[in-house]
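Q: Please take a close look at one part of this model for me. I would like to follow its charged side chains step by step.

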Amino acid sequence: SEEMEYLDNVFHFAKLKPVEQVNSPSNSPWGSLPKKTRRDLDHLKTIIENKSTGTHTKTVAFFVGPSGVGKTQAALQMGKNLNLPTCHKTLNSPDLKTLLTGHVKGRSGSSEFEMGELGRCMLTHGTTRIALVIDDAELDMSKDMISFLLHMSDANVRHLSSPYFGQIPLEQVLLIFTFNNLDFSEFTQDKKVSFMDRAHVISFEDFSPSRKRKEFMSTLKKLS
């Protein structure tokens with residue numbers, strides 16, 4: 001029954017621990033991204049690696065740029081380069097917090113829950129040390145979402161409340177959100193400063209027409 005599945009999931013989740021992280025590859029293949037973007041990605045990878053020996057390694061990053069410039073591929077590659085079990089989801093729920101932490105299905109007071117992507121990824125891979133990539137995060141740029149991102153990016157925040165699991169540990173999670181654009185119009189100046197201080201923001205530039213043609217011809221050659 002659904003209730004038994006819920007109890008089983010909660011039981012196994014409570015026993016999860018971070019697995020030991022193996023050394024990541026020395027090279028960081030970021031494909032054909034511009035040099036500055038590759039340098040920024042290598043810098044972020046180094047920051048995460050330098051924290052990997054500690055017990056609190058949570059990192060929140062924002063990859064910003066137009067569609068088709070390699071944000072998602074770079075985010076998934078980051079998880080692979082760091083040897084982190086990696087999950088990927090596009091924002092398609094009412095709000096970002098609901099997508100991450102889960103929600104009560106049906107009316108308030110219902111005993112049926114949707115677990116959320118953080119808990120689902122941890123259960124799937126059997127560890128609390130994961131990377132989670134969320135695409136199209138700009139689809140929820142409400143004030144509540146901005147406050148939630150600021151809260152989650154705070155180094156002192158170690159857990160997120162979840163209606164499914166109670167508490168979800170964040171100590172060893174890499175969260176990467178991709179944005180086609182990051183609109184700061186809803187931010188107060190203080191919030192903007194706090195946001196930039198807490199999170200790692202990497203910009204992805206659009207390819208020039210000649211670069212697009214080169215990439216297109218290269219892809220065709222690989223397919224032939």
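A: Start with E114. In this predicted model, E114 has a relative accessibility of 29%, so E114 counts as partly exposed. Its salt-bridge partner is R120, and the closest N and O atoms of the two are 2.5 Å apart. R120 is partly exposed as well, at 29% relative accessibility.

Another of them joins K36 and D40, with the closest N and O atoms 2.9 Å apart. Both residues sit in helix α2. They are four residues apart there, so about one helical turn separates them. K36 is partly exposed, at 48% relative accessibility. D40 is partly exposed too, at 22%.

Next come D154 and R198. Their side chains meet in a salt bridge at 4.0 Å, N to O. D154 lies in the loop between α6 and β6, while R198 lies in helix α7, so this pair ties together parts that are 44 residues apart in sequence. D154 has a relative accessible area of 21% and is partly exposed. R198 is partly exposed at 35%.

Now return to helix α2. Its axis and that of α3 come within 11 Å and cross at roughly 35°. The crossing is right-handed. L41, L44 and K45 of α2 meet A74, M78 and N81 of α3. Of these contact residues, four are nonpolar, one is polar and one is charged.

Terms used: Residues numbered from 1 in each chain as written. Predicted model: local features only at pLDDT ≥ 70, side-chain atom pairs only at ≥ 80, totals over all residues. Heavy atoms only, no water. Axes fitted to C-alpha atoms, helices over the stretch in contact; angles between N-to-C directions. Helix = DSSP H or I, 4+ residues; strand = E, 2+ residues; numbered from the N terminus. Left-handed = near helix turned anticlockwise from the far one by under 90°. Contact = heavy atoms within 4.5 Å. Nonpolar A, V, L, I, M, F, W, Y, C, P; charged D, E, K, R; others polar. Buried < 20%, exposed > 50% of the residue type's maximum accessible area, 1.4 Å probe, protein only.
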